[in-house]
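Here's a quick briefing to read alongside the model. Keep the viewer open and follow along.

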Number of protein chains: 2
Amino acid sequence: MVNETQQSCSASSSSRSDGGSSSGSESSKDNSRCSTPVLDADRHERLREKMRRRQEAGDKWFSLEFFPPRTANAAVNLISRFDRMGAGGPLFIDVTWHPAGDPGSDKETSSMIIANTAVNYCGLETILHMTCCNQTKDDITGHLQKAKRLGLKNIMALRGDPAGEEWEEEVDGFNHAVDLVKHIRSEFDDYFDICVAGYPKGHPEAESYEADLRHLKEKVFAGADFIITQLFFRPETFLKFMKDCQATGITCPIIPGIFPIQGYHSLRQLVKLSKLEVPQEIKDVIEPIKDNDAAIRNYGVELAVSMCRELLDSGMVHGLHFYTLNREVATTEVLKRLGLWSEDPRRPLPWAVSAHPKRRVEDVRPIFWASRPKSYIYRTQEWDDFPNGRWGNSSSPAFGELKDYYLFYLKSKSPREELLKMWGEELTGEESVFEVFTCYITGEPNRNGHRVTCMPWNDDPLATETNLLKDHLEKVNRRGILTINSQPNINGKPSTDPIVGWGPSGGYVFQKAYLEFFASSEIVTALLKVLKKYELRVNYHIVNVKGQNITNAPDLQPNAVTWGIFPGREIIQPTVVDPVSFLYWKDEAFALWIEQWAKLYEEESPSRMIIQYIHDNYYLVNLVDNDFPLENCLWQVVDDTFELLN
Amino acid sequence: MVNETQQSCSASSSSRSDGGSSSGSESSKDNSRCSTPVLDADRHERLREKMRRRQEAGDKWFSLEFFPPRTANAAVNLISRFDRMGAGGPLFIDVTWHPAGDPGSDKETSSMIIANTAVNYCGLETILHMTCCNQTKDDITGHLQKAKRLGLKNIMALRGDPAGEEWEEEVDGFNHAVDLVKHIRSEFDDYFDICVAGYPKGHPEAESYEADLRHLKEKVFAGADFIITQLFFRPETFLKFMKDCQATGITCPIIPGIFPIQGYHSLRQLVKLSKLEVPQEIKDVIEPIKDNDAAIRNYGVELAVSMCRELLDSGMVHGLHFYTLNREVATTEVLKRLGLWSEDPRRPLPWAVSAHPKRRVEDVRPIFWASRPKSYIYRTQEWDDFPNGRWGNSSSPAFGELKDYYLFYLKSKSPREELLKMWGEELTGEESVFEVFTCYITGEPNRNGHRVTCMPWNDDPLATETNLLKDHLEKVNRRGILTINSQPNINGKPSTDPIVGWGPSGGYVFQKAYLEFFASSEIVTALLKVLKKYELRVNYHIVNVKGQNITNAPDLQPNAVTWGIFPGREIIQPTVVDPVSFLYWKDEAFALWIEQWAKLYEEESPSRMIIQYIHDNYYLVNLVDNDFPLENCLWQVVDDTFELLN
């Protein structure tokens with residue numbers, strides 16, 4: 001009767017403790033329990049395990065291929081595309097290797113840095129392509145070491161195109177992808193998941209289709225974990241290839257590469273590069289409409305959807321790999337029509353998780369960077385450990401200084417002209433600053449008819465959750481309480497709640513009300529008088545740019561302001577108001593006035609001086625209402641403050 | 001305006017991070033934030049700091065002196081007296097040093113082991129007395145090292161009485177308490193808090209009162225932290241002494257030693273030992289009633305209360321030290337009448353905290369040992385680290401084996417005859433076992449008219465909290481669900497709640513419903529069928545003595561079942577249901593059937609065979625209802641199980 005869900009974890013204590021004199025924690029290494037609650041099993045698995053688990057569960061998935069951009073501005077756009085397309089739930093993305101673009105360098109357009117950004121700042125499982133021909137072993141090892149250091153865990157091992165027309169094999173050199181696969185396995189053991197390319201029609205340079213299958217098998221047997229194929233135009237091409245692979249003894253996953261035709265010219269270019277032939281039936285449709293981009297794209301979407309359906313229906317295909325050409329519309333459309341695009345509002349944690357393996361246990365962050373998660377990741381990138389369970393257990397690590405406000409992944413998506421339209425070509429006083437904050441909250445156009453869709457502290461429109469507080473926020477911003485972060489109190493909503501929910505289902509989430517704002521010293525003086533009445537209920541931190549700091553927080557302890565209770569798990573408290581971190585955040589929050597706003601204007605201009613005045617004289621305030629089951633009292637605190645001022 | 005509660009914690013990030021390349025956690029050692037939420041400031045302070053804080057706050061306090069018992073049975077009783085008198089809130093207790101009783105040994109009656117038990121198992125701040133005459137430096141250092149190892153932090157440094165009548169000073173020996181004070185400070189630096197004795201009438205062997213004051217000053221200046229005085233009979237004796245001490249330049253706390261007269265003979269004996277004279281006005285009262293113990297005790301209480309009042313009213317006295325003579329009634333009565341006895345239902349954590357300095361951060365424990373905290377402390381005494389914040393972050397240390405069920409501090413307070421009366425002189429079948437469990441729950445007498453006030457798994461009557469579940473528990477025990485641990489669900493009651501509250505005020509406490517019981521395999525078979533309906537809601541662990549283990553807990557993760565949310569703090573989750581620990585607890589829980597119950601009966605006797613049968617065939621089950629905001633479903637689960645069985 002007792003043989004269901006048997007777990008072989010018999011703890012005969014006599015076998016564990018030898019005489020009682022050995023240290024308990026030493027003698028327990030035999031236990032394989034993971035050290036933190038697995039909120040999202042995905043976070044703890046390597047890519048090949050994720051694939052296996054998805055396949056076993058019968059879940060279909062997709063992945064997206066991008067190439068590195070040419071310019072810094074294009075990099076900014078690509079990163080925000082990662083964020084948008086990441087929301088659709090790709091199993092991974094991959095970034096191609098551009099030998100001509102200094103791919104392993106630290107340039108913001110290099111393959112390495114784009115992949116690094118995808119993993120660390122966008123939280124995407126990422127494969128970095130790497131080619132090996134015309135490169136020394138040391139170069140390649142250097143690239144791989146760097147990739148590992150940056151937290152990349154997956155490599156697509158390719159030969160690459162030889163530099164000249166003449167292809168000469170080098171003795172002991174890297175002549176084929178298989179050499180790179182072997183090199184990775186011999187130098188890095190099992191650290192990387194390795195992907196290799198498959199050619200459904202055979203590699204154009206291979207002696208034959210069969211010879212090419214043999215090469216593929218060699219790559220797999222040298223240690224590749226899965227195969228992504230070159231694009232193809234007919235589902236039967238892939239299905240035959242897959243059967244042939246299996247017949248040779250290849251058992252790893254083979255993922256079809258899907259190329260939604262998006263335009264006449266991009267198709268011609270790709271075909272030329274890949275030495276593929278476009279089937280006549282496709283040419284017949286495309287040629288007559290070759291100048292109508294929209295028509296070609298519609299056709300491309302139609303064609304891709306029907307091919308994907310056939311592949312998925314075959315039962316042999318579990319995942320689809322899309323060649324996006326760095327574009328969103330066609331691929332997104334195909335995925336939506338296939339039902340694979342899953343903009344799941346469910347989040348493992350209330351904030352976006354980084355995919356760096358060092359950060360896999362991270363589950364607590366200060367609330368201050370809620371709207372600037374990339375800056376938080378940047379400023380903590382040198383940390384050896386990331387807080388989990390409790391923020392206060394970490395030895396309150398120092399934050400890196402943020403000097404590089406113009407790093408492409410930290411930069412505002414909006415160009416200067418747009419920012420000026422939103423925030424005012426010319427400011428006439430503090431009140432015109434209040435107006436900007438108010439317009440951002442209300443979503444209504446400013447006096448010049450422009451909507452304010454971002455602020456120096458929030459590069460995106462108001463979060464859905466913040467909308468719950470909109471009326472209150474509007475009222476206080478009009479009067480000079482310039483809010484930059486806030487959350488409502490939540491007393492046990494289901495973890496599946498579409499707005500405030502996060503974590504596994506079946507749980508309950510909670511929040512303490514939080515409000516963070518800039519305010520003049522007059523307001524702060526009144527506020528402090530009002531706060532005396534709330535001494536036991538409201539915790540506050542008030543600081544100016546010089547670091548004068550007023551607080552009633554005991555012992556510099558963090559205050560948990562978001563937490564969740566889940567079935568069968570320990571408690572997760574992903575956001576805290578941490579007094580120590582607040583002083584680091586203060587530097588950034590004040591600097592953003594100058595870096596993002598004041599510098600839009602000429603030096604010595606009145607507009608710039610107004611922002612500089614606020615920067616020099618205002619206080620940054622945060623308030624927590626500890627009585628989360630009661631009605632949020634922070635609005636009352638603010639009302640009382642205004643009343644006192646009148 | 002901004003100068004209230006100023007904290008000098010300016011975090012100029014430029015001064016903290018040097019170039020961003022250093023490890024964040026390395027460069028942050030300058031931060032003095034304590035690593036865990038301070039639930040109870042007391043836990044983190046040394047005794048002299050506690051005294052200072054109490055004095056600054058104007059809080060009066062008391063302490064209690066005990067001497068080591070002569071027999072093992074007396075030790076059992078003394079430990080349960082520690083528990084009872086500890087509930088009144090002494091600032092510390094002290095244990096005298098009996099040179100004749102092998103005081104530094106591992107005997108259960110030694111001063112060292114009694115003090116160790118008070119600190120580690122009763123959670124009491126403890127001072128160990130130590131005398132130095134007639135001992136070698138090595139002996140003394142050995143004792144001090146052992147005390148330190150055991151977690152003792154305070155020493156009362158005494159000379160002790162010379163072995164013979166003749167008192168000869170040894171050259172370079174320990175001739176005076178001051179030598180011991182110096183030795184402790186030179187060998188152990190500031191590790192120990194040191195107390196020394198003061199003689200309000202002068203030491204009987206001192207040349208003069210003034211010479212004795214000089215000796216006292218020497219002891220203080222050699223490094224003593226505070227003074228406890230010898231007993232005295234008139235408040236003015238102490239107050240004069242205190243002024244004289246201050247006049248010589250002694251500024252440390254001086255605590256009056258209070259001796260409530262408890263009987264004619266004990267008074268005579270003490271007076272003889274201390275060479276004090278009883279004032280005539282006391283003799284006049286006592287002599288006529290010398291054979292009436294109760295009358296003398298009443299008088300002693302009256303006298304002590306009036307003396308203590310006078311001392312406290314003087315404004316010079318902040319704490320009172322009681323010579324208890326290991327008795328409870330008189331001292332407790334005096335303290336209650338003074339209003340110092342504070343049976344504060346407020347608990348820093350839901351379980352009794354150990355006072356060992358290594359355990360000061362401990363704030364998570366498995367729920368299983370809730371009724372056997374001393375056993376838990378015993379089985380974890382070798383751990384180097386104690387879980388805090390999250391249980392799962394500790395590397396699930398192994399538990400020491402519990403073989404020594406008869407260690408005096410783990411033993412039942414009731415002797416064998418009483419246990420037999422409670423649990424049955426003769427068992428007739430499993431049903432008579434069910435009856436014992438039921439009587440323990442209801443508090444009604446068993447069929448022989450005896451109340452069952454303890455069980456092998458609970459040496460105390462039912463907890464107040466468990467009373468909330470009494471009706472349900474009675475019903476299920478009658479039918480063979482033999483409960484040994486349970487808690488109701490709590491959805492955010494104030495932390496000051498007299499029954500379920502714990503932790504600082506202003507917080508909210510929560511619990512998931514928990515039920516743990518033994519049951520036959522028939523019941524377990526039915527239960528497992530029923531549990532399928534509750535798969536997402538109820539987590540279960542079911543195990544038999546052989547270790548066959550059935551569970552639906554994911555990944556061996558702990559489930560937090562008690563937690564609290566407090567103003568300005570991170571979340572505390574002091575109890576978890578931990579699957580790994582459960583298998584260690586299982587060994588102990590099953591063994592208790594045999595060790596505590598079966599062995600009351602003759603081998604081969606039917607009673608013993610019944611208990612042995614249960615031990616061999618029953619399962620130990622625990623259930624958690626994860627939906628804490630809803631009505632506890634575990635009773636429904638049990639009802640459904642019985643229904644299925646019918």
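Buried here means under 20% relative accessible area, exposed means over 50%, and partly exposed is what sits in between (1.4 Å probe, protein chains only). This is a predicted model, so to speak of local features we need pLDDT of at least 70, while side-chain atom pairs count only at pLDDT 80 or more and totals for chains, interfaces and linings use all residues. Residues are numbered from 1 along each chain as its sequence is written, chains are lettered from A and ligands numbered from 1 in the order in which they are written, and side-chain values use heavy atoms, with hydrogens and water left out.

**Chain A overall**

- Chain A comes to 21 helices and 18 strands, where helices (H or I, at least four residues) and strands (E, at least two) are DSSP runs numbered from the N terminus.
- Its radius of gyration, taken over C-alpha atoms, is 28 Å, close to the 26 Å from the globule rule (2.2 Å times the number of residues to the power 0.38) for 646 residues, so chain A is as compact as a globular protein of that length.
- The C-alpha trace of chain A spans about 85 × 80 × 50 Å along its principal axes.
- In chain A, 60% of the 646 residues count as buried.
- Take the contacts (heavy atoms within 4.5 Å) in chain A between residues at least 6 apart in sequence: 73% of them join residues at least 24 apart.

**Helix α12 of chain A**

- Helix α12(A) covers residues 329-338, and its buried residues are Ala330(A), Thr331(A), Thr332(A), Val334(A), Leu335(A) and Leu338(A).
- The cover over those buried residues includes β1 (61-66), α3 (72-86), α11 (293-313) and β8 (319-323) of chain A.
- Just after α12(A) comes Gly339(A), with a positive phi of about 75 degrees.

**Strand β8 of chain B**

- Strands pair if DSSP finds at least two bridges between them; β1(B) (residues 61-66) runs parallel to β8(B) with 5 bridges, and β7(B) (residues 254-258) runs parallel to β8(B) with 2.
- Phe322(B) is the bridge partner of Leu64(B) and also of Ile258(B).

**Salt bridges**

- There are 67 salt bridges over all chains, each being a side-chain nitrogen of Lys or Arg within 4 Å of a carboxyl oxygen of Asp or Glu.
- Arg84(A) pairs with Glu328(A), with the closest N and O atoms 2.6 Å apart.
- Arg84(A) is in helix α3 and Glu328(A) in the loop between β8 and α12 of chain A, so this pair ties together parts 244 residues apart in sequence.
- Arg84(A) is partly exposed at 39% relative accessible area.
- Arg390(B) and Asp363(A) form a salt bridge at 2.7 Å, N to O, and that pair crosses between chains.
- Arg390(B) is buried at 2% relative accessibility, and Asp363(A) is buried at 3%.
- Lys533(A) and Asp640(A) meet at 3.1 Å, N to O; Lys533(A) is exposed at 62%, whereas Asp640(A) is buried at 15%.
- A network of salt bridges links Arg46(A), Arg48(A), Arg185(A), Asp190(A), Asp193(A) and Asp225(A).

**Cysteines**

- The count is 0 disulfides over all chains, a disulfide being a pair of cysteine sulfur atoms within 2.5 Å.
- Cys133(A) has its closest cysteine sulfur, in Cys132(A), 6.3 Å away, too far for a bond.
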